[in-house]
Amino acid sequence: MPDHNLPRILPHSLPHILIVDDERSIREPLSEYLEGHGFRVKDAASADAARTLLAANNFDLVICDIMMPGEDGLALTRHIRERGDLPVILLTARTEDTERIVGLEMGADDYLGKPFNPRELVARIKAVLRRTALAGERVNGEDGESFAFGDWVLKTTERALVGKDGVTVPLSTGEYQLLLALVRHPNQVLSRDRLLDMTQGREAEAFDRAIDNQVSRLRRKIEPDPKNPTLVRTVWGGGYTLASDVKRIMD
């Protein structure tokens, strides 16, 4: 007899996952496995099919194979990242560090090599979703401050970065959290571990290059010359520092 005192989990409240893999022998069993572990799942055999599903559905996370005919998983990840903060976990049969690093620099949140244990994938999915939820809570909990630095103003109420020309530059959740940490501690050297604690917490194991990748993406948006940064500077052996005075403005 069912226990009617237990909370009822509605199907639409379950995390919605999109699997993108051209191999049916992987895509379909993995879909079934994830559904058995409390996820709603849709799958696509190509990047084109994935784009159609992304436009028509609200997903919580994408699992994407890198090596696919036509548009590959790296290009699809870039497409996803240009349009928002939807988390992406990449899958690949290759083991080269270069491909792994490129995937992370494209904005992927995690990376798993084939063959993989589906239980490990479930653990990574939960970790990424937990980290994303925590980041969202931090964003929603801001207290209406703005930070003026260089030619920029970071507005926490709107989560907006505005240039001197008045144009708003879109930031992902990770980029926003990183920049917020830096403007709150200007001219201080912040280690990678400290930045991870301030931006993501310790809910999940982070990549060695996670902060480096976020810094690289942030520099492309705020530096006149990202290859020779003057705002977010690297301190070798120490971490990163925002080399600018910051004026705090209460909204």
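These legends walk through a few close-up views of one predicted model.

Some ground rules before the views: residues are numbered from 1 along each chain as its sequence is written, and side-chain values use heavy atoms, with hydrogens and water left out. Since this is a predicted model, local features need pLDDT of at least 70 and side-chain atom pairs count only at pLDDT 80 or more, while totals for chains, interfaces and linings use all residues.

**View 1**
Helices (H or I, at least four residues) and strands (E, at least two) are DSSP runs, numbered from the N terminus. Of the 251 residues, 45% are buried, where buried means under 20% relative accessible area with a 1.4 Å probe, protein chains only. Looking at contacts (heavy atoms within 4.5 Å) with a separation of 6 or more, 60% come from residues 24 or more positions apart.

**View 2. Helix α2 (residues 47–56) alongside helix α3 (residues 73–82).**
Their axes come within 10 Å and cross at roughly 20°; axes here are lines fitted to C-alpha atoms over the stretch in contact, and angles run from 0 to 180 degrees between N-to-C directions. That makes α2 and α3 roughly parallel to each other, a label for angles under 35 degrees. On the α2 side, Ala47, Ala50, Arg51 and Leu54 meet Leu76, His79 and Ile80 of α3. By class, that contact has five nonpolar, one polar and one charged residues. In this scheme Ala, Val, Leu, Ile, Met, Phe, Trp, Tyr, Cys and Pro count as nonpolar, Asp, Glu, Lys and Arg as charged, and the others, Gly among them, as polar.

**View 3. An open sheet of five strands, ordered β9-β8-β7-β6-β12.**
The pairing is antiparallel, and two strands pair if DSSP finds at least two bridges between them. At the edges sit β9 (168–169) and β12 (246–250), each pairing on one side only.

**View 4. Strand β6 (residues 145–149) with its partners β7 and β12.**
What is β6, mostly covered or mostly open? Mostly covered: four of its five residues are buried. With β7 (residues 152–155), β6 pairs in the antiparallel sense over four bridges. Across that pairing, serine 146 stands opposite lysine 155 and phenylalanine 149 opposite tryptophan 152. β6 and β12 also run antiparallel, joined by five bridges, and alanine 148 has lysine 247 of β12 as its bridge partner.

**View 5. The hairpin turn between β6 and β7.**
Two residues separate the strands here, and glycine 150 in the turn has a positive phi of about 55°.

Definitions and conventions: Angles under 35 degrees count as roughly parallel, over 145 as roughly antiparallel, 65 to 115 as roughly perpendicular and the rest as oblique. Buried means under 20% relative accessible area, exposed over 50%, partly exposed in between (1.4 Å probe, protein chains only).
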